[in-house]
Amino acid sequence: MAEEQGRKRDPVPKPSVLFLHPDLGVGGAERLVLDAALALQARGCSVKIWTAHYDPGHCFAESRELPVRCAGDWLPRGLGWGGRGAAVCSYVRMVFLALYVLFLADEEFDVVVCDQAICIPLSLCSEPGHTVLSSVLC
């Protein structure tokens, strides 16, 4: 019995955190997302990352330690030479990703961290009680 009292249980359940990121490569925004996800996981939170593009051969090694899921990789990343339309395509990919996660992925989560503010209006479609955070990292 004394042993049970010595092992205190955490009375507050840890939230399930879902990260939405357009392209999980090797940039600064990706590093920030991974660091935040790993820190939350170390504190006992359930963490998942959803992205529109993920290449395990071209990413930070830490991303292989986390559950990363991909949807919308078939959408274009640009509209022509020189990266034209990259921002528009990124927004479209994030809208697709958010809609996919909300309506098709059957994910359960308490908190969503979006990398682009475009996803915040879409969060109104989610169930009540979810928290949506935006980290505009671009």
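Trainee: Which residues form a nonpolar patch on the surface?
Mentor: Leu99, Phe103 and Leu104, with about 310 Å² of accessible area together. Patch members have over 30% relative accessible area and no salt bridge, with nonpolar side chains (Val, Leu, Ile, Met, Phe, Trp, Tyr) joined within 5 Å. A salt bridge would be a side-chain nitrogen of Lys or Arg within 4 Å of a carboxyl oxygen of Asp or Glu. Areas come from the Shrake-Rupley method with a 1.4 Å probe, and for residues only the protein chains shown count as cover.

Trainee: And is this an experimental model or a predicted one?
Mentor: Predicted: local features need pLDDT of at least 70 and side-chain atom pairs count only at pLDDT 80 or more, while totals for chains, interfaces and linings use all residues. Residues are numbered from 1 along each chain as its sequence is written, and side-chain values use heavy atoms, with hydrogens and water left out.

Trainee: Where does leucine 104 lie?
Mentor: In the loop between helix H3 (86-103) and strand E4 (111-114). Helices (H or I, at least four residues) and strands (E, at least two) are DSSP runs, numbered from the N terminus.

Trainee: Buried or exposed?
Mentor: Leucine 104 is exposed, because its relative accessible area is 62%. The cut-offs are under 20% for buried, over 50% for exposed, and partly exposed in between (1.4 Å probe, protein chains only).

Trainee: What about serine 90, buried or exposed?
Mentor: Serine 90, in helix H3, has a relative accessible area of 17%, so it counts as buried. Leaving aside neighbours within four places in sequence, serine 90 is in contact (heavy atoms within 4.5 Å) with Pro22 and Gln116.

Trainee: Switching to H2. Which of its residues are buried?
Mentor: Ala29, Glu30, Val33, Leu34, Ala37 and Leu38. They sit on the same side of H2 because they cover an arc of only 160° around the axis, taking directions from the helix axis to the C-beta atoms.

Trainee: Why do residues three or four places apart point the same way in an α-helix?
Mentor: Because an α-helix has 3.6 residues a turn.

Trainee: What covers the buried residues of H2?
Mentor: The cover includes strand E1 (16-21) and strand E2 (46-51). On the face turned away from the buried side, H2 carries the exposed residues Gly28 and Ala42.

Trainee: And what follows H2?
Mentor: Glycine 44, with a positive phi near 100°.

Trainee: Last one: how many helices and strands does the chain have?
Mentor: Three helices and five strands, in the pattern α-β-α-β-β-α-β-β along the sequence.

Note on methods:
Patches are made of residues with over 30% relative accessible area and no salt bridge: like charges are joined within 9 Å, nonpolar side chains (Val, Leu, Ile, Met, Phe, Trp, Tyr) within 5 Å.
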